[in-house]
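Hi,

Here is the structure I promised to pass on. Have a look at it first, and my notes follow below.

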Amino acid sequence: MSLRVRLTLLYVSIVGGILILFSAVIYGLVTLTLLAEVDDTLERTWEDVQRIARVSASGRLEFVTSISFNPNVFIQAWDRNGNRIGATISVSQLERPLDEQGLHESGPVFRDVFIDSVHLRVLSVPFLVGGRPFGTVQIGANMTVVDGTLQDLLRTLTIVSLVAIVLSGTISWIATYHALRPLDLVTQAALQITETIDLSRRIPQTSHPNDEVGQLVRAFNLNLSRLERLIETQRRFMADVGHELRTPLTVIKGNIDLMRRIGADEEFFQSIESEVDRLTRLVGDLILLAQAETGKLPMDSQVVDLDTVLLEVFRQMKVLAKDQIRLKIGEIDQVLVCGDRDRLKQVLVNLISNGIKYTPPGGQVTVSLGKKGNYARLVVSDTGPGIPEEDLPYIFERFYRGEKSRMRSKDGKGFGLGLSIAYWIVRHHQGRIEVASKEGEGTTFCVWLPLVDGECEGEE
Ligand code: ADP
């Protein structure tokens, strides 16, 4: 059963239930009120009868003063032997009692009876003469008008309820159509995207972007964007890795050909070695990332003096920076953290070498190390071109290389893995890495690592 049908049925049953309950209450109240009014009339008539009626010597019930009774009310008097001893004109022809059973009651009783299919409400009251039970007076009221009124009321309530139920069902059917229509569109668009495998398509936003359906569309589109980016990254990675592998392999093969033709030369060996190094680095990076992402990265847990590591890396990087980039140390504090010395060194190398790689000649890369609260704070900032805002959320993803930076990168040798590796290493040290950058104003990476004062957990 479709959601639309279910919602409509639910709505109709709620409205129907309320209306039936409401109608029943109204009908019950009106019935009770009308009945109470009739009973009241019968009782008042009995009081009148008591006031003006006497039993004559011949044993008949006579009225000592004349009084005009309600024309809808009939009175009969019966003695204990079942003889009629008096009656109003309207029932003078009626030989049988208004209420046969009522003649045998010991106290006043109201009862509904039907005489020739005429509905009567009858009050039977036993009466005494000379202190002894003498007979029963029966006062009846014609209920035709009351029954008619109640029937009219029932008919009106039924018609109104039915109209209201049909109306509410129709309104609910139309309203749910409009409410669910956007969902239908979302489903169709999603199916089309699946059929055409076109991840660049997006589901058009509805006219109410902040309601539930609007949010669903937004979430779906966000997922599509993410999926598209992921697939694009994989595609680019395949192309990049293919390209990266082809160049060194071609160089190696060319060198071997040359060696075969003109004999071995030290220069050929060096070239082959450098290409093999590059291939080894790529494979190493890939293995490290795979291990880090699956939580299987083998890591030492020892006290590491980060300031000493920083100075070591600084000296190595000075060579890389040559005279083109000013590599400076800002403030440096003595800082101890827990972890794997080589891996932490790799984080520093990746961040500082990126600074040097992307900063144009004449620029500056500054490194500083300090403490804030329980954390070591390592900052690497450069005066380079900065990272475009649209690239910022992705730079820590595997194989992500900003298009502009890729072109600007001086050696073009990055695999787009450096920051990803740094991210995972820092994460495995219970730290975090942040980036702040503005195009044209440089980039600042900030690494936070928990400080240690004493021994590391798991240290031998
Ligand atoms: P790559 O091998 O391309 O350097 P990384 O993972 O180290 O890979 O960096 C990912 C991307 O982040 C780079 O392609 C570049 O676009 C951007 N990036 C990283 N560091 C910097 C920086 N200091 N200045 C400008 N862009 C940077």
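**A pocket and some strands**

The second largest pocket takes at least three of its lining residues from each of two domains, domain 2 (212-293) and domain 3 (302-450). Keep in mind that this is a predicted model.

That pocket has a volume of about 290 Å³. Two elements give two or more residues to its lining: helix 3 (212-262) and helix 8 (418-428). Helix 3 supplies the largest share, with 4 residues. If you want to click through the lining, it includes Arg226, Leu230, Thr233 and Gln234. Also on the list are Glu293, Phe396, Glu397, Arg398 and Phe399, along with Ser420, Tyr423 and Trp424. By type, the lining residues split into 5 nonpolar, 3 polar and 4 charged.

The other thing I looked at is strand 7 (residues 132-142) and its partners. Strand 3 (residues 73-79) runs antiparallel to strand 7, and 7 bridges join the two. To find your place in that pairing, go to Trp78, which sits opposite Thr136 of strand 7.

Strand 6 (residues 118-129) also pairs with strand 7, again in the antiparallel sense, over 10 bridges. Here Val129 is the residue that stands opposite Arg132 in strand 7. Strands 6 and 7 form a hairpin with 2 residues between them, and Gly130 in this hairpin has a positive phi near 60 degrees.

As you follow the strands, remember that side chains in a regular strand alternate between the two faces of the sheet.

Cheers

Note on methods. Residues numbered from 1 in each chain as written. Predicted model: local features only at pLDDT ≥ 70, side-chain atom pairs only at ≥ 80, totals over all residues. Heavy atoms only, no water. Pairing = 2+ DSSP bridges. 1 Å grid on protein atoms, 1.4 Å probe; cavity = no way out; pocket = protein on both sides within 12 Å on 5 of 7 lines; lining within 4 Å. Points joined across faces, edges and corners; volume = space filled by probe spheres on them. Nonpolar A, V, L, I, M, F, W, Y, C, P; charged D, E, K, R; others polar. Domains from an automatic or database assignment.
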